[in-house]
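Me: Take a close look at the salt bridges for me, please, and then tell me about the nonpolar parts.

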Amino acid sequence: MSRYPLLALLGLALLTSACASYHPAPLRKAEAVLADPDRAVLSADAAALKRPYLTPQSIDLEAPLTPDALALIALLENPDLKAQRVAVGVTDAQAFAARLLPDPQVQGSIDKLIAGPDPYNAYGTQFALDLSQLRSTRVIRQQGEASKRQVRLDLAWAEWQVAGQARLQGVRIAALEAQLTLAEQSAQSAEALLTSAMQAASRGDLGGADVDTRRQAALDAGSKLRTMQGDLLTARGELNRLLGLPPHVVLKLAPVSDPRAAPDADALVAKALEQRLDLAALRAGYDSAEASVHKAVLDQFPNLSLSMSASRDTSANTTLGPSVGFTLPVWNRNRGGIAIAKATRAQLQAEYEARQFQTRAEITAAVRSLANLRRQKADLLARMPAIASFAQSSEIAASHGDLARATALTALQTLRDRQMSLAQIDQQIAEQTIALELLSGGISREWQA
């Protein structure tokens, strides 16, 4: 074998050695996907996780968990976040592909002489390179980098939202557990009042209308208790879903501190417009659209290709020469692509401006709602001492026989109703504060006291 075929084979081997190879990646079985997370690994990962709004800490699922601990677990184990992180790899690959130059094209042909006076077989080779992509390489890279930045910011915004939702569910569960105790006491008291009323009616000391009133009160108290039990189960299930934990896991929650009062709405809006990650992601998407418009404008110019050809005919005449090909920008001129790119850019600009208006409206409404809830709480607290004092004196009088037991139970139920209202307002304040954090893009610990 001559030297030239060996060199050709060696070159082909070098080219193919750099090629990627296929490896199958089968789906995991459901048992592996839905299995409990490794608690030792979870604790170690939580201690190493770094986010500006969370303090890294070891996680013990058997110990009471703070809202920040719930947020850490959600960031590590939430299935939707895991899927979104994998999607970031797709954008990274696209940005990598945008940096690559097109491969040259090589063509070869041979014409075997069948008949005729000439003694040689004819052959031809061609080496071609598409030069049009070189013109737009820079904007393609800019577009890829902007798209990659947008996807990463979208992921960071999704992490912020999931972490906030986990903290919100923790606050909701703690509030519902406290309210459930009051609801159980109210249901027991209503049943006791109904029993007392039925006994009095059997003696003729109480009319049927009064008994019906007690019966309806007992039914309402039982209905509220069952509703609260259902709400608690739903909140626990939603928390487990956010944390990527099996439904049977019941977490213990640490006491939640009182939320900090919200700052002025205008100051919070200004901060949100600066630091919200979804707005930053939209800006990155707009940068990508700008690069798309630039590329579309460049694509209106002729697409240029350069090739070098070598050939020999059957008479042994050998030729060598370049050839150039290009499109004539007569009818199309990529006007459709330019129009689409500009319309897409205008759409993204409108979406960004609409998100700014939405941010201001939602934050302002949330701040006003929190202020109204705090006023309601202050009014209720102002009336609580008198209601508590009356309930206590009624209980003492009933124990001495100076007051009917039913009257004392009614006074205690009035106190519990006010305590329930106060607990519900506290829950709304805590949840609304976390919702305001999510809207503003920053934690309440950074708010001015």
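Reply: The count comes to 20 salt bridges, a salt bridge being a side-chain nitrogen of Lys or Arg within 4 Å of a carboxyl oxygen of Asp or Glu. Bear in mind that this is a predicted model, where local features need pLDDT of at least 70 and side-chain atom pairs count only at pLDDT 80 or more, while totals for chains, interfaces and linings use all residues. Residues are numbered from 1 along each chain as its sequence is written, and side-chain values use heavy atoms, with hydrogens and water left out.

Start with Arg241 and Asp80, whose closest N and O atoms are 3.9 Å apart. This pair links distant parts of the chain, since Arg241 sits in helix H8 and Asp80 in helix H5, 161 residues apart. Helices here are DSSP runs of H or I with at least four residues, strands are E runs of at least two, and both are numbered from the N terminus. Arg241 is partly exposed at 42% relative accessible area; buried means under 20%, exposed over 50%, and partly exposed in between (1.4 Å probe, protein chains only).

Arg149 belongs to helix H7 and Asp287 to helix H10 (residues 277-298), 138 residues apart. Both ends are partly exposed, Arg149 at 38% and Asp287 at 37%.

Lys295 pairs with Asp299, with 2.8 Å between the closest N and O atoms. Here Lys295 is partly exposed at 25%, and so is Asp299 at 26%. Then there's a network: shared partners join Asp68, Arg167, Glu437 and Arg445 through salt bridges.

Now for the nonpolar side. A nonpolar core is a set of buried Ala, Val, Leu, Ile, Met, Phe, Trp, Tyr and Cys residues joined through side-chain atoms within 4.5 Å. The largest one holds 48 residues, and those touching the most other members are Ile59, Leu61, Leu65, Leu70, Leu243 and Leu251. Helices H3 (39-48), H4 (67-77), H5 (79-98), H7 (137-202), H8 (208-243) and H12 (405-440) each give two or more residues to this core. H7 supplies the largest share, with 15 residues. Zoom in on Leu61: leaving aside neighbours within four places in sequence, Leu61 is in contact (heavy atoms within 4.5 Å) with Arg39, Leu42, Ile73, Leu245 and Leu251. Apart from that core lies another, of 16 residues, including Ile363 and Leu380.
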